[in-house]
Amino acid sequence: MSVESFPKFTPPAAKLWADIPAQTRKQLLSNVWCGRCKHSVTIKNFSGVVRANDLLLVGQCSECQSDVARMIESS
Ligand SMILES: [Zn+2]
């Protein structure tokens, strides 16, 4: 999945995501904690929403397919 495409993002979430440098986005996507795997994994099939001004990515662990989420605080 390309980090440049985010079809499942809400418009506000897509705007926040677009403001993050591409390199940082890659790091965020490949550094999501999975509670089942007990280590950092790559998130896949993710969507994005804005919660309390923070960007929340919700998707699946690329290794065990369980649900994972990553909150990205706006600075
Ligand atoms: Zn996992």
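Modeller: Gladly! Strands here are DSSP runs of at least two residues, numbered from the N terminus. With that naming, Q65 lies in the loop between β4 and β5 (67-72). Keep in mind that this is a predicted model.

Colleague: What is the phi of Q65?

Modeller: First the general idea: most residues other than glycine have a negative phi. Q65 is not a glycine, yet its phi is positive, at about 70°. A52 is another non-glycine residue with a positive phi, near 50°. A52 sits in the loop between β3 and β4 (54-61).

Colleague: Is A52 buried or exposed?

Modeller: Exposed counts as over 50% relative accessible area, and A52 has 72%, so A52 is exposed. Q65, at 37%, is partly exposed.

Colleague: How many aromatic pairs are there?

Modeller: Ring centres must lie within 6.5 Å to pair, and this rule gives three aromatic pairs. In one of them, F9 and W17 have ring centres 5.8 Å apart and planes at 45°, so this pair is tilted. In another, W17 and F46 are edge-to-face, with 6.4 Å between centres and 65° between planes.

Colleague: Where in the chain do W17 and F46 lie?

Modeller: W17 belongs to helix α1 (residues 11-18) and F46 to strand β3 (residues 43-51), so their pair ties together parts 29 residues apart in sequence. Ring pairs link F9, W17 and F46 into a cluster. F9 and W17 are both buried, W17 with a relative accessible area of 0%. F46 is buried too, at 5%.

Definitions and conventions: Residues are numbered from 1 along each chain as its sequence is written. This is a predicted model: local features need pLDDT of at least 70, side-chain atom pairs count only at pLDDT 80 or more; totals for chains, interfaces and linings use all residues. Side-chain values use heavy atoms; hydrogens and water are left out. Rings of Phe, Tyr and Trp (its six-membered ring) pair if their centres lie within 6.5 Å; planes under 30 degrees apart count as stacked, over 60 as edge-to-face and the rest as tilted. Buried means under 20% relative accessible area, exposed over 50%, partly exposed in between (1.4 Å probe, protein chains only). Helices (H or I, at least four residues) and strands (E, at least two) are DSSP runs, numbered from the N terminus.
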